[in-house]
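Visitor: I am new to this structure and would like to know what stands behind the terms used for it. Please show it to me.

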Amino acid sequence: MAEVVWSIAGSDSGGGAGIQADIKAMQSFGVHACTAITALTAQNSLGVEAINSIATNVIESQLQALAIDMPAKVIKIGMLANVQQIQLVAEHISHYKQKWAKPPVIVYDPVAIATSGDKLTEEDTVDALKTHLLPLVDVITPNTHETQLLTGVYLIGPSAVREAAKKLHEMGVASVVIKGGHWDYPKGYCVDYCATQEHEYWLGNESIKTPHTHGTGCSLSSAIAACLAKGYPLKDAFILGKAYINQGLHVARRFGEGIGPVAQTSFPEDLTYYPQVIEPGSWLADELDFEPPSEFNFAAGFADTGGELGLYAVVDSVDWVEKCLAAGVPTVQLRVKEPDDNLEADIQTAITLGTKYQARVFINDYWQLAIKHGAYGVHLGQEDLDDADLQAIQQAGLRLGVSTHGFYEMLRAHNYRPSYLAFGAIFETTTKDMSGQIQGLEKLSHFVPLMRHHYPTVAIGGIDLSTISEVVATGVGSVAVVRAITQSQAHQLAITQLQAQLGL
Ligand SMILES: Cc1ncc(COP(=O)(O)OP(=O)(O)O)c(N)n1
Ligand SMILES: Cc1ncsc1CCOP(=O)(O)O
Ligand SMILES: [Mg+2]
């Protein structure tokens, strides 16, 4: 069943922004959009002719009707025309947060000024927003003008953006997305910022040159709201929202004499529309004056694997490495999590067995020993990318496989142009604690088409004979398993059956 998302926002008679954009953007991500309308604006592509705010009792009746029958997973708030509306909406949100069994996530796009430059709210609303609404907001998505209006910080560069986000946090907002669409900094690029309580990151892409940008803010926040409702973490929801907007700007058309609306398209399936995760060392990071870490050793472009990896066994002993290779598994990983004094000798033996069976043997985690003994490749997690000597791995000619859990990590790993990408965990697993990181088949079926033309792709986590065919149907090139082999009754038979499902 589709997830329910509400939009509390104004109607744009021109059809490009407001409620109209929200419904279309939410629809594009497969959620059901419900609405509570706060204003009937008279707009066209040339500007705002009139704002007819809706009486608070009428807004309230819409909210009550929805609350008793169609509670939302996520509520997106857009235009609130005056202080009374802010107070009313804040009261209701506060009630939902306290009383609903599953409190809704609140995404607030503080619509103050339309793309046309027209003001959409009364002057005295900022104080009311700070007092009543912002402390209830989980994600706020202001543009440059709105950030300045709310925080008083003039966004002249990255440190000012950080300072503004900090002020919004202090006002009680949990996560802040500051949109750089109006920035043009660095020149020709669109750079956006996200700060949660724990992390901050920047996304960037070349600006898409079109005058038809009406509705981008509403559509981005609605796309983020929809993706949050679909279970994507904010990092991924933000990336998907950006890719959706970039795709829409690319095909945006004029309706009327002025600024046309961003096009409402579909789930972004083309990597060209996805932003870069800006990492220290990249050109955009230099422009933004990011400090590389002291042991920084970025490298991109690792040796290739000569094609897809086939059945991929991940095992914890040399004994299992040999059993899998002898049974014809083409790719094996030695993943030792409780090393003893034999670790180095085991790694050496695993590498030698790979040569003997002419198979690919990857070493998990121990990249120094893998280099020292000339392994075929290493497999690293996201945290390892921060401190492994990637240049040494690359120069030694080792292949590099990288784990990813979602769009953010996938795009981050893409900066390094590794030898393959692994997506996981697809299903629940008892082999490793993957709580909060289960991707499922729907997400896998989005990751694979984005990456399969760039890398061999691997799915891992909870896959066995009963599920492998659905996994293979996503187009993924390889399936990695632990228990499906090591806990099977007869490993040779299990391997033959798994290989058959992979078409090998
Ligand atoms: C093929 C493959 N994919 C993912 C992983 C997980 O690696 P990592 O994130 O480094 O976690 P640990 O395996 O070290 O717990 C993997 N090992 N293999
Ligand atoms: C190492 C790892 N990384 C993501 S899931 C996983 C474990 C997969 O094990 P299993 O195939 O037994 O579910
Ligand atoms: Mg690891």
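**Terms and what they rest on**

Guide: The crossing of helices α2 and α3 is right-handed. This is a predicted model, in which local features need pLDDT of at least 70 and side-chain atom pairs count only at pLDDT 80 or more, while totals for chains, interfaces and linings use all residues. Residues are numbered from 1 along each chain as its sequence is written, and chains are lettered from A and ligands numbered from 1 in the order in which they are written.

Visitor: Why is α2 called roughly parallel to α3?

Guide: The axes of α2 (residues 56–69) and α3 (residues 83–99) cross at roughly 25° and come within 10 Å. Angles under 35 degrees count as roughly parallel, over 145 as roughly antiparallel, 65 to 115 as roughly perpendicular and the rest as oblique; therefore α2 is roughly parallel to α3. The axes are lines fitted to C-alpha atoms over the stretch in contact, and angles run from 0 to 180 degrees between N-to-C directions. Helices (H or I, at least four residues) and strands (E, at least two) are DSSP runs, numbered from the N terminus.

Visitor: Which residues of α2 and α3 meet?

Guide: Thr56, Ile59, Glu60 and Leu63 in α2 meet Gln84, Gln85, Leu88 and His92 in α3. Contact requires C-beta atoms, placed from the backbone, within 7 Å.

Visitor: Which strands make up the closed barrel?

Guide: The eight strands run β11-β12-β13-β14-β15-β16-β17-β18, with parallel pairing. Neighbouring strands of this sheet are turned by 25° against each other on average, direction ignored. Four bridges join β12 to β13, and Val332 has Val361 in β13 as its bridge partner.

Visitor: What makes a residue count as near a ligand?

Guide: Its C-beta atom, placed from the backbone, lies within 6 Å of the molecule. Around ligand 1 there are 17 residues, the closest being Gly381, Ser403, Ala422, Ile460 and Ala480. β11, β14, β15 and β17 each supply at least two residues of that shell.

Note on methods:
Two strands pair if DSSP finds at least two bridges between them. A crossing is left-handed if the near helix is turned anticlockwise from the far one by less than a right angle, and right-handed if clockwise. Two residues are in contact if their C-beta atoms, placed from the backbone, lie within 7 Å.
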